[in-house]
Amino acid sequence: MSLSSRNEAVARMAATTREDPLDVLVIGGGVVGSAAAFDAATRGLNTGLVEARDIGEGTSSRSSKLIHGGLRYLQMLDFKLVAEALRERDLLLRQLAPHLVRPLPFIFPFERHVVERAFIGSGVSLYDALASGSSLLRGARSRAVPFHRHLGNKGLAERFAGLDQQKYRGGLEYYDAQVDDARLVLTLARSAHSLGAAVATRTEVTEYLREDPQHRERITGVVVVDHLTARLHRIHARQIILAAGVWTGEAQQMALKDTPSGRADSAGLKVLASKGIHITVPKDRIAASGTVGIISQTEKSVLFIIPMRDVWAVGTTDTSWHQAVDAPAATAADIDYVLEHANAVLGEDLTRDDVLATWAGLRPLLQPVKTNDDASAKVSREHTVMQLAPGLTGVAGGKLTTYRVMAEDAVDFAIADEYRNRDSLTETMPLTGAVGFGEWSERAEQIAEDYGWDAERVDRLLGRYGSLIREVLELIDEDASLGRPLEAAPGYLRAEIAYACTSEGALHLDDLLSRRTRMIYETRHRGVDAAAEVAAIAAPLLGWNAEQEQAEVDSYRAYIKAQRAAEQTTSDTEAAELIAANYPVPGQQVEPTPLEDASVEESAAEAGVPGE
């Protein structure tokens with residue numbers, strides 16, 4: 001995925017007609033939308049995906065970054081849901097994305113030695129049994145992660161010295177898995193693109209089309225604005241899948257507002273937003289042996305202390321969000337809440353001075369589905385797929401771990417009448433970078449020797465790119481300067497910035513600092529100190545002139561300044577206003593050219609690709 005391939009995708013989708021439409025158009029480039037595009041592409045369908053911002057920019061890059069079965073659902077006796085999530089966890093670890101998803105042990109510390117050890121121990125035993133059963137049913141000869149184990153006082157102190165050793169009486173260590181959520185979503189989009197799907201970011205739906213005179217309620221396509229050119233285009237599709245997450249309400253209202261039945265008010269998906277925030281603190285502020293996290297229940301949510309490569313991530317909260325869903329932010333109250341609960345389990349208190357950065361994400365909480373007599377729906381405990389209008393399928397709810405099931409359900413539902421014999425292949429098809437990952441891992445020592453890197457850097461690269469590390473190394477072979485670390489963020493190479501521009505669909509500085517890398521969370525400067533250097537690498541690859549390059553840097557700096565200011569506020573309203581007023585991409589909100597003045601040929605010529 002590159003700027004040119006993105007422009008080609010826009011031109012290709014704009015060239016569709018009522019007589020020659022896409023088979024499936026997905027709206028939304030979060031984890032479910034990207035996975036739905038991949039799923040449809042595996043079935044050989046002519047597929048398109050449009051995303052108003054960047055791939056994974058919303059909730060899907062702001063999670064706890066865990067792939068897990070959901071221990072809390074065992075308390076609700078929802079064994080089927082837990083088994084499904086554990087199956088998906090193990091599929092990702094073993095086959096689909098072993099380069100991105102890695103096992104991660106967690107410790108559940110005990111205050112009441114006997115009671116908690118019996119209660120929690122029995123629950124985790126069942127958790128492990130469900131995982132083992134899922135593996136056996138798929139013919140696996142071994143588990144994807146180890147069994148849990150119990151820890152006494154001494155074992156707990158050795159394993160996680162940073163806990164309050166006076167408060168806890170041993171604990172239980174069990175396994176789930178961890179992922180860079182933004183990279184997982186990007187890899188899904190790239191995997192869809194590799195199978196022929198047209199993927200276009202910064203392409204926003206502004207209108208839904210009803211051009212079938214025989215079926216006036218049927219949605220036959222959309223109008224989109226290309227935020228890079230300010231031009232409008234019609235895109236036609238036999239079936240449209242709306243995977244908009246917390247934007248579902250707004251998108252659904254736009255789609256259904258003009259229908260004769262007025263179904264926008266009477267039926268559809270209702271999604272509420274719940275805010276969860278995390279903070280990051282330096283790795284040396286919490287003592288632990290190796291890579292291990294902490295999980296503990298709070299009165300409102302769950303406390304996670306999660307090891308990332310260079311920092312600890314601590315969260316989360318669970319509060320209703322009533323502001324614009326475009327602008328979630330952490331407030332002073334959110335940060336204090338997380339610090340208070342972290343300090344309740346740690347031996348040495350963390351302070352506001354320890355906080356490097358924050359992130360805030362909005363969970364799309366699915367409310368009871370409203371239907372009318374002619375609506376159909378598939379409802380599960382966690383997600384729902386339903387027909388919002390003829391030609392338009394909506395999917396909402398769920399969680400990161402079960403993205404593949406949601407996507408498969410959505411595509412199955414959307415194409416049931418026209419392509420019922422096109423089965424999904426996503427349960428067996430590895431994501432881009434997975435095939436050959438093992439062979440490249442075996443070459444890790446040789447790579448380190450050849451390029452003068454330590455083992456940690458090579459492991460980091462393998463965990464980000466898998467077998468696609470070859471393409472990153474080829475850039476360095478062509479230009480040795482790209483093998484140097486960034487001055488202000490030495491955990492990343494200059495080649496990773498170049499590769500993000502040429503192969504990973506990055507179009508703006510924020511894409512590079514917030515999602516292609518995670519500097520925004522991993523460094524105290526949150527990417528600001530690296531902004532000029534990164535922009536200088538990106539500028540010639542993305543065609544920025546000096547003015548555009550400076551505008552990218554200025555916009556990002558203003559965004560981080562607003563984020564820091566939001567963290568000092570006392571209300572969501574104040575925080576959201578600060579973030580909304582400082583979107584980190586310059587020029588995104590521009591007035592589009594009227595549709596009748598923007599032909600496909602003109603748009604294709606402006607994009608630098610031939611018209612179709």
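**Helix 2 and helix 11.** Begin by selecting helix 2 and helix 11, whose crossing is right-handed. The model on display is a predicted one. Helix 2 spans residues 31-42 and helix 11 spans residues 403-414; their axes lie 8 Å apart, and the packing angle is about 55 degrees. That angle makes helix 2 oblique to helix 11, because an angle counts as roughly parallel under 35 degrees and as roughly perpendicular from 65 to 115.

Next, display the side chains where the two helices touch. From helix 2, select Val31, Val32, Ala35, Ala36, Asp39 and Ala40; from helix 11, select Tyr403, Met406, Ala407, Glu408 and Val411. Colouring this contact by residue class gives nine nonpolar residues, two charged residues and no polar ones.

**Helix 17 and helix 19.** Move to residues 509-516, which form helix 17, and residues 531-542, which form helix 19. Their axes come within 9 Å and cross at roughly 115 degrees. Viewed for handedness, the crossing of helix 17 and helix 19 is right-handed.

Which residues of helix 17 meet helix 19? Select Leu509, Leu512 and Leu513 in helix 17, and then their partners in helix 19, namely Ala531, Val534, Ala535 and Ala538. The contact of helix 17 with helix 19 comprises seven nonpolar residues, with no polar and no charged ones.

**The second largest pocket.** Centre the view on Gln178, Asp180, Pro307, Met308 and Arg309, which lie nearest the centre of the second largest pocket. Its lining is made up of 22 residues, and the space within the pocket amounts to about 590 Å³.

Helix 14 gives the most, with four residues. By class, the lining of the second largest pocket holds 11 charged, seven nonpolar and four polar residues.

**Two backbone details.** Select Gly315 and Thr316 and inspect the peptide bond between them: this bond is cis, with omega about 15 degrees. Thr316 sits in the loop between strand 14 (311-315) and strand 15 (319-320).

For the last stop, go to the loop between strand 9 (221-226) and strand 10 (231-242), where Ala230 is found.

Terms used
Residues numbered from 1 in each chain as written. Predicted model: local features only at pLDDT ≥ 70, side-chain atom pairs only at ≥ 80, totals over all residues. Heavy atoms only, no water. Axes fitted to C-alpha atoms, helices over the stretch in contact; angles between N-to-C directions. Parallel < 35°, antiparallel > 145°, perpendicular 65-115°, else oblique. Left-handed = near helix turned anticlockwise from the far one by under 90°. Contact = heavy atoms within 4.5 Å. Nonpolar A, V, L, I, M, F, W, Y, C, P; charged D, E, K, R; others polar. 1 Å grid on protein atoms, 1.4 Å probe; cavity = no way out; pocket = protein on both sides within 12 Å on 5 of 7 lines; lining within 4 Å. Points joined across faces, edges and corners; volume = space filled by probe spheres on them.
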